[in-house]
Amino acid sequence: MTNNTEQALKELESRLANTQDDVRSTQAAKRHAKGFNTARENVEKLCSGNLFREYGQLAVAAQRQRRDYEELQTETAADGVITGISPINNGFITLGNKAKVSSHDTVIIVNDYSVLAGTQGYFHHLKLDRMIEIALKKQLPIIMLTEGGGGRPGDTDISTINSGLQCTTFGRWAGLIGKVPRIAVNNGYCFAGNAALFGAADITIATTSSFIGMAGPAMIEGGGLGKFSPTDIGPIDMQAKNGVVDIVAENENHAIEIAKNCLSFFQGHHANWSAPEDDALDDVLPDDRRFVYDMHKVISGIVDKDSFIEIAKQYGTAIIQGFARIEGKPIGVIASNCKVLGGAIDVDAAKKLNRFMKLCDQFAIPILSLCDTPGFMVGPEHEKNGAVRYLSELFATGANLSIDFVAVAIRKCYGLGAQAMLSGSISSPSYMLSWPTGEFGAMGLEGAIKLGFKKELEKQTEPAMRQALFDKLLAQQYQKGKALEVATVLEIDAVIEPRDTRKIVLAALN
């Protein structure tokens with residue numbers, strides 16, 4: 001080996017070491033003091049021992065004109081973002097025929113808050129653009145850790161740029177919608193440009209230590225809107241309830257595990273799975289049709305054990321939705337939640353349902369719908385939220401689904417809300433099923449009686465007589481609209497025993 005080669009190798013070793021936690025021990029100690037991982041520790045946890053092929057490791061901030069170059073190599077290592085490719089979930093997933101993800105290789109982007117508060121500089125953006133380009137070309141999913149303070153005004157080396165508005169990262173990132181799955185994970189502060197990337201992802205995961213906002217304290221103050229602490233802006237409780245955050249994690253390690261689990265639903269089929277108990281659905285419904293029950297128990301009685309991961313649990317809670325598996329095969333689950341608004345679909349529930357159904361359709365994940373709704377939420381107050389616009393969009397989404405869609409009426413199946421849960425109408429699903437407890441009609445039975453038989457009821461001046469007539473009419477309507485009768489006129493395809501739901505749904509989705 002020549003002296004030149006030895007010198008080049010030593011220089012390479014030194015330069016690469018400058019980007020590692022051992023050399024950057026002061027920055028690593030600050031992260032650990034907060035109870036946080038370093039960026040490189042998070043990369044290792046994502047890769048789980050697999051080879052990480054890093055891109056742009058030797059980049060530094062575009063600040064050579066104002067700072068010492070050797071200092072930049074450690075203080076602005078990788079220009080604040082670690083990017084590369086590694087297999088994730090390799091070894092325990094078998095790819096499905098319809099999966100758009102072609103391998104276990106995954107693009108990994110980890111913003112490094114220990115470098116200039118995770119801000120986005122010139123070379124930082126070039127690295128992001130490079131990985132987005134590769135993800136699109138090779139059809140690779142992306143997991144991005146977004147912690148950071150947004151745009152960086154201190155890059156001085158690129159003197160020909162004035163506005164910075166020529167940056168293509170945000171448009172390119174958004175342009176990946178429906179092409180590759182994008183999972184964003186946040187811990188700590190996530191403001192401005194970092195928040196824009198987080199919010200545009202397909203699935204958003206954030207820790208309880210997250211604060212997420214489209215502007216940080218400096219930008220807010222600069223806009224004349226007052227002084228705020230970073231912890232005043234977008235705390236996790238707010239962002240989970242308003243739908244910005246899909247899943248709340250305890251810490252970075254938990255968030256990474258959730259991200260890998262979510263990714264697996266886009267990669268294909270699990271080889272190992274466990275079925276629920278045969279009698280899991282025997283007693284989930286109360287005897288009285290007016291009483292509520294836990295739809296999560298219905299879901300658990302159908303899908304593989306411990307496979308359901310709920311999306312947007314704290315937002316639009318009249319709908320329960322998420323990913324699950326049946327015999328290892330990924331499905332999307334949408335379900336009414338009768339514990340909230342009696343299962344009526346309000347604006348928030350419609351928004352999250354729209355987004356989720358589109359995501360499943362974009363990546364060929366079939367949907368199982370469990371319907372128990374009295375319809376759309378109504379009333380003057382609800383109209384202030386744009387009910388006509390957002391509830392109607394459910395029909396546009398349902399009409400354009402290209403995936404298998406199997407529906408099961410658990411109990412109430414009424415009105416436009418039920419049609420929205422059925423991808424447009426009772427005849428839209430590829431298989432329309434009902435439990436014997438299913439009830440069908442253009443609106444809730446009680447409301448239909450009060451509206452349709454108003455004159456007859458008003459003629460009964462005695463309260464007891466009026467109630468007796470109401471009960472009689474209600475019983476007649478229930479008999480007419482119950483699943484067994486609706487099946488006789490072929491409005492639904494089959495009435496099934498609850499305990500047979502799993503095997504029948506599986507066969508339908510196959």
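This is a predicted model: local features need pLDDT of at least 70, side-chain atom pairs count only at pLDDT 80 or more; totals for chains, interfaces and linings use all residues.

User: Into which domains is the protein chain divided?

Analyst: Domain 1 covers 4–267, while domain 2 is made of two segments, 273–438 and 482–509. Taken over C-alpha atoms, the centres of domain 1 and domain 2 are separated by 36 Å.

User: How is the size of an interface often given?

Analyst: It is often expressed as the accessible area that is lost when the parts come together. Here domain 1 and domain 2 bury about 1800 Å² between them, with 62% of it on carbon and sulfur atoms; in terms of contacts, 23 residues of domain 1 meet 19 residues of domain 2.

User: How many salt bridges and polar contacts does the rule find across the interface of domain 1 and domain 2?

Analyst: The rule finds one salt bridge across that interface, together with five residue pairs in polar contact. On the side of domain 1 that touches domain 2, α9 (236–241), β10 (247–249) and α10 (252–267) each supply at least two residues, and α10 gives the most, with six residues. By class, the residues of this side divide into twelve nonpolar, five polar and six charged.

User: Which UniProt annotation covers residues 2–29?

Analyst: The unreviewed UniProt entry annotates residues 2–29 as a "coiled-coil region". In the model, this span is 71% helix and 0% strand, and its end C-alpha atoms lie 39 Å apart.

Methods. Residues are numbered from 1 along each chain as its sequence is written. Side-chain values use heavy atoms; hydrogens and water are left out. Domain bounds come from an automatic or database domain assignment. Contact means heavy atoms within 4.5 Å. Buried area is the accessible area (1.4 Å probe) that two parts lose on being put together, summed over both. A salt bridge is a side-chain nitrogen of Lys or Arg within 4 Å of a carboxyl oxygen of Asp or Glu. A polar contact is a pair of N or O atoms within 3.5 Å; within protein, one must be able to donate a hydrogen and the other to accept it, and residues adjacent in sequence count only if both atoms are side-chain atoms. Helices (H or I, at least four residues) and strands (E, at least two) are DSSP runs, numbered from the N terminus. Ala, Val, Leu, Ile, Met, Phe, Trp, Tyr, Cys and Pro count as nonpolar, Asp, Glu, Lys and Arg as charged, and the others, Gly among them, as polar. UniProt positions are given in the numbering used here, feature names are shortened, and annotations may be inferred rather than shown by experiment.
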